[in-house]
Amino acid sequence: MNLTVKNGTFSYHRGAEPIFRDVNFSVDSGEILAILGPNGAGKTTLLRCITGMLKWNSGGSLLDGEPIAAMGPGKLWSRMAYVPQAKGASSAYTAIETVLLGRSGRLGPFATPGKADIQKAEEVMELLGISNLRDKHCSAISGGELQMVLIARALAAEPKVLILDEPESN
């Protein structure tokens with residue numbers, strides 16, 4: 001699997017000075033890319049452009065040579081997972097329900113998770129040492145615990161590409 005960004009340029013408003021211009025990189029399976037910079041530098045914005053959550057003004061992101069912008073959500077999110085910053089995120093879902101959301105890219109439009117999906121979610125929670133959070137509501141756990149649940153959700157998707165936005169911030 002290869003993730004490539006070619007000539008990525010982005011600004012929030014047409015005609016405004018771009019936040020970044022002509023971003024180019026390529027990452028292959030087994031490689032790690034870290035994006036470093038001070039607060040407010042645009043790291044999260046860059047990650048959102050890479051994943052297609054924000055639209056590049058020019059250039060684009062590709063998975064194995066295929067433009068992410070042209071992929072349907074099911075295809076994209078079965079190959080890629082994104083872990084947002086946990087700041088301010090809370091949910092009425094339990095931890096296991098949140099982790100199961102990671103399996104949604106592998107389900108049909110009206111399907112519900114089956115035994116194999118539940119087993120995968122439980123395996124990932126066990127791997128991360130958060131099985132004790134299984135039935136706790138995400139709105140009632142700490143920021144660090146929530147961050148681990150969000151990482152578990154991403155891993156439960158069994159992605160080929162994993163994008164983490166400040167994974168250790170909590």
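Biologist: What does Tyr12 count as at 47% relative accessibility?
Modeller: In this predicted model, the relative accessibility of Tyr12 is 47%. Buried would need a value under 20% and exposed a value over 50%, so Tyr12, at 47%, counts as partly exposed.

Biologist: How many aromatic pairs does the structure hold, and at what angle are the planes of Phe10 and Tyr12?
Modeller: The structure holds three aromatic pairs. In one of them, the ring centres of Phe10 and Tyr12 are 4.9 Å apart, and the pair is edge-to-face because the planes stand at 80°.

Biologist: Is Phe10 buried or exposed?
Modeller: Phe10 has a relative accessibility of 4%. The cut-off for burial is under 20%, so Phe10, at 4%, counts as buried.

Biologist: How many residues apart in sequence are the parts that the pair of Phe20 and Trp56 ties together?
Modeller: Phe20 and Trp56 form an edge-to-face pair, with 6.0 Å from centre to centre and 70° between the planes. Phe20 belongs to strand 2 (residues 20-28), whereas Trp56 sits in the loop between helix 1 (43-51) and strand 3 (58-63), so the pair ties together parts whose separation in sequence is 36 residues.

Biologist: Which residues do ring pairs link into a cluster?
Modeller: Phe20 and Trp56 are both buried. Ring pairs join these two with two further aromatic residues, and the cluster consists of Phe10, Tyr12, Phe20 and Trp56.

Biologist: In what order do the four strands of the open sheet lie?
Modeller: The pairing in this sheet is antiparallel. Strand 2 and strand 4 (66-67) each pair on one side only, as edge strands. Strand 1 (residues 2-10) is joined to strand 3 by five bridges, and the order of the open sheet is 2-1-3-4.

Biologist: In strand 3, which residue is the bridge partner of Lys6?
Modeller: The two strands concerned, strand 1 and strand 3, run antiparallel. In strand 3, the residue bridged to Lys6 is Gly60.

Biologist: At about what angle does helix 1 run to strand 2?
Modeller: Helix 1 lies across strand 1, strand 2 and strand 3.

Biologist: Leaving aside its neighbours within four places in sequence, which residues is Thr4 in contact with?
Modeller: Thr4 is found in strand 1, and its relative accessible area of 12% makes it buried. With neighbours within four places in sequence left aside, the contacts of Thr4 are Phe25, Ser26, Gly60, Ser61 and Leu62.

Biologist: Which residue in strand 6 is the bridge partner of Tyr82?
Modeller: Strand 5 (residues 80-83) is covered on both faces, with Met80 and Tyr82 buried on one side and Ala81 and Val83 buried on the other. Strand 5 runs parallel to strand 6 (residues 161-164), with four bridges between them, and in strand 6 the residue bridged to Tyr82 is Ile163.

Biologist: Within what arc do the buried residues of helix 4 fall, seen down its axis?
Modeller: Helix 4 buries Asp117, Ala121, Val124 and Met125. These buried residues line one face of the helix, because seen down the axis they fall within an arc of 100°.

Biologist: Which residues are exposed on the other side of helix 4?
Modeller: The cover over the buried residues of helix 4 includes helix 3 (95-101) and helix 5 (143-156). On the other side of helix 4, the exposed residues are Lys115, Ala116, Glu126 and Leu127.

Biologist: How far apart are the end C-alpha atoms of helix 4 (residues 115-127)?
Modeller: Helix 4 has 13 residues, which at 1.5 Å a residue should span 18 Å. The model agrees with this expectation, since the distance between the end C-alpha atoms of helix 4 is 18 Å.

Biologist: What do the buried residues of helix 5 pack against?
Modeller: Helix 5 has 14 residues and reaches 20 Å from its first C-alpha to its last, close to the expected 20 Å. Its buried residues include Leu146, Val149, Leu150 and Ile151, and the elements that the buried residues of helix 5 pack against are strand 5, helix 3, helix 4 and strand 6.

Biologist: Which residue, with a positive phi near 55°, follows helix 5?
Modeller: Helix 4 is followed by Gly129, whose phi is positive and near 75°. After helix 5, the residue with a positive phi near 55° is Glu158.

Key:
Residues are numbered from 1 along each chain as its sequence is written. This is a predicted model: local features need pLDDT of at least 70, side-chain atom pairs count only at pLDDT 80 or more; totals for chains, interfaces and linings use all residues. Side-chain values use heavy atoms; hydrogens and water are left out. Rings of Phe, Tyr and Trp (its six-membered ring) pair if their centres lie within 6.5 Å; planes under 30 degrees apart count as stacked, over 60 as edge-to-face and the rest as tilted. Buried means under 20% relative accessible area, exposed over 50%, partly exposed in between (1.4 Å probe, protein chains only). Two strands pair if DSSP finds at least two bridges between them. The expected span of a helix is 1.5 Å times one less than its number of residues. The arc is that of the directions from the helix axis to the C-beta atoms. Contact means heavy atoms within 4.5 Å. Axes are lines fitted to C-alpha atoms, for helices over the stretch in contact, and angles run from 0 to 180 degrees between N-to-C directions.
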